[in-house]
Structure formats: C-alpha cells, structure tokens
Amino acid sequence: MSVLVTGGAGYIGSHMVLELLEAGENVVVLDNLSTGFWWAVPSSVTLVKGDMGDEALVLKTITDHDVTSIIHFAAKIVVPESVADPLGYYLNNTAKTRQLLECAVKGGVKNFIFSSTAAVYGDVSSEPVAEDNELTPVSPYGRSKLMTEWMLQDTAFAHGLNYVILRYFNVAGADPKGRVGQSTPNATHLIKVACQAALGDRSSLDIFGNDYPTPDGTCLRDYIHVCDLAKAHMDALSYLRAGGKSDVFNCGYGIGLSVQEIVNVVKKVSKVDFKVNLSPRRPGDPAAIVAKADKIRDILGWKPEYNHVEGIVQDAFAWEKHLKTRNDV
Ligand code: UFG
C-alpha cells in the first residue's frame, strides 16, 4: 500500500513527503520537475518523473506501487500568471486533474486529498471566512481550483472515491531541520521576498498598497507554517482511512497579520533594516482574507504546532540563507 504524492518535489509536496516518511508510510512521488527539484525528494522514495496528464504513466504508477491514496499538490499557483495565461491554468490545474481522477477511479484508489486554496472565496466582504461561504473566485487560478473541487465531488459521488479538500491560506516557512523549503526562483510571496530583501538579494521590498480598510492600511492575510499544513494532510489521511465522511476544510490559523506587521517581523528576525517602498495596490489583492479555522480542529483533530509568526519567519529566513549556498537551484 502506497501514498502517491503528485508535485512531491515542490514546496509543500516535499514537506508532505517527509511527514509521510516519518509516519512510516510507503510513498511514491509523481512530478514533472517543471517547478520542483529532484533533490527535494529523499533517495528512499521513488520519484516518477512525468506528467499527471499522462494516463498510461499514472495508471502504471498506481498499479506498480499499489496506490490506495493520492495527495494531489501538482499545480500552477501564481495568481497574476493565471490572469495572463488562463488556458495554461485550466489545462494544468483542471484538465490534467481530470485525467488524474480518471486514473484514480480506474486504479481503484480509495482516498484523494486535494490542495485547494482560499482563492476560491474571492474578495470576501466579511472575515473570517468559513467553508460554507459563497465561492466567487476572482482569478483564473481560483476558478481552476474551484472547478477541480466540483469535479472531485462529482467523481466521488459517482464512483465511491473518498476525498478531503483542503483550502490553504498563505503558506510560508520551511522545514525546521533545514532539509527542504520554498526554492522556486522569482517567487512573489511576501515572506520569501522580504527575506530576500533582508539578505540583499533584492534592493528593497514594495508594499503593495497602504490605503486598504484595515487597521494599518495594508492587507491582512492568515499565514500558516508549511509543516502544520503537511500535518493537516496526515490528519486528513487518517480521517479518511478511519471511514470519515468526505469534506472540505480551511487550513489557516484564523489570525490576520498585515503586510506591515510581516515586514516588521522579518526585520526583527533578520536584524536587517532593509529598504521598503510604499507602492500602489497590486491588482486582484483582497483587503483581508483570514480563515475561520475551527472546523479542521473539531473534525480532523488538527493541532498546529508552529502557529507563531516569528517561528515561521525564522524558518523561512534560515532556508533563504541556505539557498545562497547551493548551486543547483
Ligand atoms: N505583498 C507585498 N509585497 C510583495 C509581495 C506581497 O506587499 O512583494 C503583499 C500582497 O499585496 C498581499 C500580501 O503581501 O497583500 C500577500 O501576498 P502574497 O503574494 O504573499 O500572497 P497572496 O495573498 O497574494 O496569495 C497567496 C497564495 C495564493 C492563495 C492566497 C490565499 O499565493 O495561492 O494566498 O490567501 F490563493
């Protein structure tokens, strides 16, 4: 019995693989290495280099490794890129997941855990946002993920697949043991970009808008440590194996932090007073998006361990420093 992790060479997927190995699971990774790295997959794990849209390869992988559960991370994840290239996003995130689901059904897979996103909620007027909130995504990225949620739910109903959909809020941090972290070049995520500014890899950091209707005028987000997120998937897997009902859960701490607060924490942790520019709003940014976060604790029994922003930034900063010592990224 194995767990198939798609996108297991990527940022969140590589943390998941470590978590699964620590729990004694057999793991197989499917990754086309378009944004992931072969070195992020431990040598004890089979890495199948290929595409989730390749039905023959996926079915063979499911059969060869006796895959009973799939944790599906492989996706394109950059919101502005999805606006410029919607068809690329619908192909990769939606159409290819359809192929993966077909293989899951044909291969008799029992459990499917899907990486969704808070972007399915769109520009929420009230916060914190609960799972039963109206779903009005405002980007092709959010819509590509919502379409997949629906496809998964319909497939589960018709074919008896069990699923958990996890809607991630703002994922950050890195493995505290320094084995893996967010390594994508040209990243746009706030904590990573701020760490790069502190290390002098960027001359400054832009704060996109300080005229939002929030306490300090900058956007509020719910930052979750990548290891707590991986743990949420472990809890989801145990829940499904124990016969839990298919369901959707927010993954966040329910704590809103502003862009300015994050900048202050990165300056404190790095001890570098890097240059910050006040810039115009970035198109498509909601003012605030914070999870109503009790359902996952109540039903999956999820207990976050790293819900402290300084720790998140410390791990992200340590990884960013480590990346400067590598020549394979
Ligand atoms: N920001 C800056 N300067 C930067 C980078 C970001 O001010 O250099 C601001 C953004 O404007 C935003 C906040 O920091 O207000 C967070 O931005 P990120 O780019 O780090 O993350 P997003 O909130 O835009 O998006 C992330 C994920 C999405 C997911 C979403 C859900 O990238 O996949 O969280 O909340 F859908």
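1. For the helix angles below, axes are lines fitted to C-alpha atoms over the stretch in contact, and angles run from 0 to 180 degrees between N-to-C directions. The model is a predicted one. On that basis, helix H2 (residues 55–64) packs against helix H4 (residues 86–106) at about 35°, and their axes are 9 Å apart. The crossing of H2 over H4 is right-handed. On the H2 side the contacts are made by Glu 55, Val 58, Leu 59 and Ile 62. They meet Gln 99, Leu 100, Glu 102, Cys 103, Ala 104 and Lys 106 of H4.

2. H6 contributes Ile 191, Lys 192, Cys 195, Gln 196 and Ala 198. Their counterparts in H10 are Ile 312, Val 313, Ala 316, Phe 317, Glu 320 and Leu 323.

3. Leaving out residues up to four places away in sequence, Glu 320 touches Gln 182, Lys 192, Cys 195, Gln 196 and Leu 199.

4. Turning to the sheet: seven strands form an open sheet in the order E3-E2-E1-E4-E5-E6-E11, with parallel pairing. Strands E3 (46–49) and E11 (247–251) stand at the edges with a single partner strand each, so one side of each has no neighbour in the sheet. Ignoring direction, neighbouring strands of this sheet are turned by 20° against each other on average.

5. Leu 30 has Val 48 of E3 as its bridge partner.

6. Strand E6 pairs on both sides. With E5 there are seven bridges in the parallel sense, and Phe 114 is opposite Ile 165 of E6. With E11 there are five bridges, again parallel, and Leu 166 is opposite Phe 249 of E11. How many of the seven residues of E6 are buried? Six are, so E6 is largely enclosed by the rest of the structure.

7. Which helix lies across E6? Helix H7 (residues 226–241) does, running at about 160° to E6. H7 also lies across strand E1 (2–6), strand E4 (67–72), strand E5 (111–117) and E11.

8. The last point concerns Ser 279, which is found in strand E13 (residues 276–279). Its relative accessibility is 18%, so Ser 279 counts as buried under the 20% cut-off. The Ser 279 side chain makes a polar contact with the side chain of Asp 206 at 3.2 Å. Apart from residues up to four places away in sequence, Ser 279 touches Asp 206, Ile 207, Phe 208 and Gly 209.

Conventions
Residues are numbered from 1 along each chain as its sequence is written. This is a predicted model: local features need pLDDT of at least 70, side-chain atom pairs count only at pLDDT 80 or more; totals for chains, interfaces and linings use all residues. Side-chain values use heavy atoms; hydrogens and water are left out. Helices (H or I, at least four residues) and strands (E, at least two) are DSSP runs, numbered from the N terminus. Buried means under 20% relative accessible area, exposed over 50%, partly exposed in between (1.4 Å probe, protein chains only). A polar contact is a pair of N or O atoms within 3.5 Å; within protein, one must be able to donate a hydrogen and the other to accept it, and residues adjacent in sequence count only if both atoms are side-chain atoms. Contact means heavy atoms within 4.5 Å. Two strands pair if DSSP finds at least two bridges between them. A crossing is left-handed if the near helix is turned anticlockwise from the far one by less than a right angle, and right-handed if clockwise.
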